Amino acid sequence: MELRTAEVTRYITPLREGGSLPALAEADDGFKYVVKFRGAGHGTRALIAELIGGELARAAGLKVPELVFLTLDEEFGRTEGDEEIQDLLKGSRGLNLGLHFLSGALTWDVTVNRTDDDTASRIVWLDAFLTNVDRTVRNTNMLLWGRELWLIDHGASLYFHHAWTGWEKTALTPFAYVKDHALLPSASRLREADEYMRGRITPEVIDRVVALVPDDWLVQADPDTPPGVQREVYARFLKLRLENSEIFVNYAIDARKTLV
């Protein structure tokens, strides 16, 4: 597994619907990206969650825009007139994360758009596995593009990393927020999804994805814990959760029974 690296050359517009103020920008490879900045709200922890969540989703065969490392140099953003944006760009010099911009994509509306039960079940499984709190009817973080469903924005996943203590206990908990998942009513094949996803997201895949996280992000996220130790915790958390997937799968099945 490997992510490309490009340099941001043009800031186009902020995407103010995102709480961390992401932006649409162009890079020196000629493509446009939705940029998640290291200087925003939750800092590099959000980028780490975005990277791990997005690449595990891709490994599971779900559609995710290409993730790319994006660099901002010292001069970038100095001419930006908006002081809030200028401060954000100054605080984001170095390595950031971009999602390939899907031009013309529409927000996935669960009241209008439909997907098959297998796909819905796999997405619910993934978000329960990642403890992703941000895929609700109000904010699906799913797009319709090319007549297919695409997943975006995994930055709210892995919330255990905002406080390292007790991560083992968190890994073995059901995911209570699954009751609010946008696709839970359609997730009628969670048992089958569990078998399928465990076959795609293996311990070896987890190691390869976690290895993609830059040391620089880990140092900024927690200067007191060496990057290697942080990587080990991420990998152990995910593997422990994978080994005990019946905990969150059973909970999701029970939560769905209250809806259908």
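Predicted model: local features only at pLDDT ≥ 70, side-chain atom pairs only at ≥ 80, totals over all residues.
Residues are numbered from 1 along each chain as its sequence is written, and side-chain values use heavy atoms, with hydrogens and water left out.

**The second largest pocket**

- This pocket holds about 190 Å³ of space, and 16 residues line it, with Leu62, Lys63, Thr115, Thr119 and Leu149 the closest to its centre.
- Helix α3 (117–130) and strand β8 (148–151) each give at least two residues to the lining.
- As for terms, the search runs on a 1 Å grid over the protein atoms alone: a cavity is a set of points where a 1.4 Å probe fits but cannot get out, while a pocket is an open set with protein on both sides within 12 Å along at least five of seven lines, and lining residues have an atom within 4 Å of a point.
- Grid points are joined across faces, edges and corners, and the volume is the space filled by probe spheres set on the points.

**Overall build**

- The chain has 9 helices and 8 strands, taken as DSSP runs numbered from the N terminus (helices are H or I, at least four residues; strands are E, at least two).
- A compact globule of 260 residues would have a radius of gyration near 18 Å, and the chain agrees at 18 Å; the radius is taken over C-alpha atoms, and the globule rule is 2.2 Å times the number of residues to the power 0.38.
- Along the principal axes, the C-alpha atoms fill a box of roughly 55 × 45 × 30 Å.
- Of the 260 residues, 50% count as buried (buried is under 20% relative accessible area, exposed over 50%, partly exposed in between, with a 1.4 Å probe and protein chains only).
- Take the contacts (heavy atoms within 4.5 Å) between residues at least 6 apart in sequence: 75% of them join residues at least 24 apart.

**Salt bridges**

- There are 16 salt bridges in the structure, each being a side-chain nitrogen of Lys or Arg within 4 Å of a carboxyl oxygen of Asp or Glu.
- Arg38 pairs with Asp216, with 2.6 Å between the closest N and O atoms.
- That pair ties together distant parts of the chain, 178 residues apart: Arg38 sits in the loop between β3 (32–36) and α1 (44–59), and Asp216 in helix α7 (residues 215–221).
- Arg38 is buried at 6% relative accessible area, whereas Asp216 is partly exposed at 38%.
- Glu232 and Arg236 also form a salt bridge, at 3.9 Å from N to O; they are 4 residues apart in helix α8 (residues 227–243), so about one helical turn separates them.
- Glu232 is partly exposed at 43%, and Arg236 is partly exposed at 43%.
- Glu192 and Arg189 meet in a salt bridge at 3.9 Å, N to O, with Glu192 partly exposed at 37% and Arg189 partly exposed at 32%.
- Arg4, Asp29 and Glu66 are joined in a salt-bridge network.

- Thr131 lies in the loop between α3 and β7, and Asn132 is found in the loop between α3 and β7 (142–145).
- Thr131 is buried at 2% relative accessibility, and Asn132 is buried at 2%.
- Leaving out neighbours within four places in sequence, Thr131 touches Ala156, Ser157, Leu158, Tyr159, Phe175 and Arg241.
- With neighbours within four places again set aside, Asn132 is in contact with Asp127, Asp153, His154, Ala156, Ser157 and Phe175.
- Thr131 and Tyr177 are 46 residues apart along the chain, with their C-alpha atoms 8.1 Å apart.

**Positive phi without glycine**

- Arg147 is not a glycine, yet has a positive phi of about 65 degrees; this residue is in the loop between β7 and β8 and is exposed at 83% relative accessibility.
- Asp153 is not a glycine either, and its phi is positive at about 60 degrees.
- Asp153 lies in the loop between β8 and α4 (167–171) and is partly exposed at 24%.
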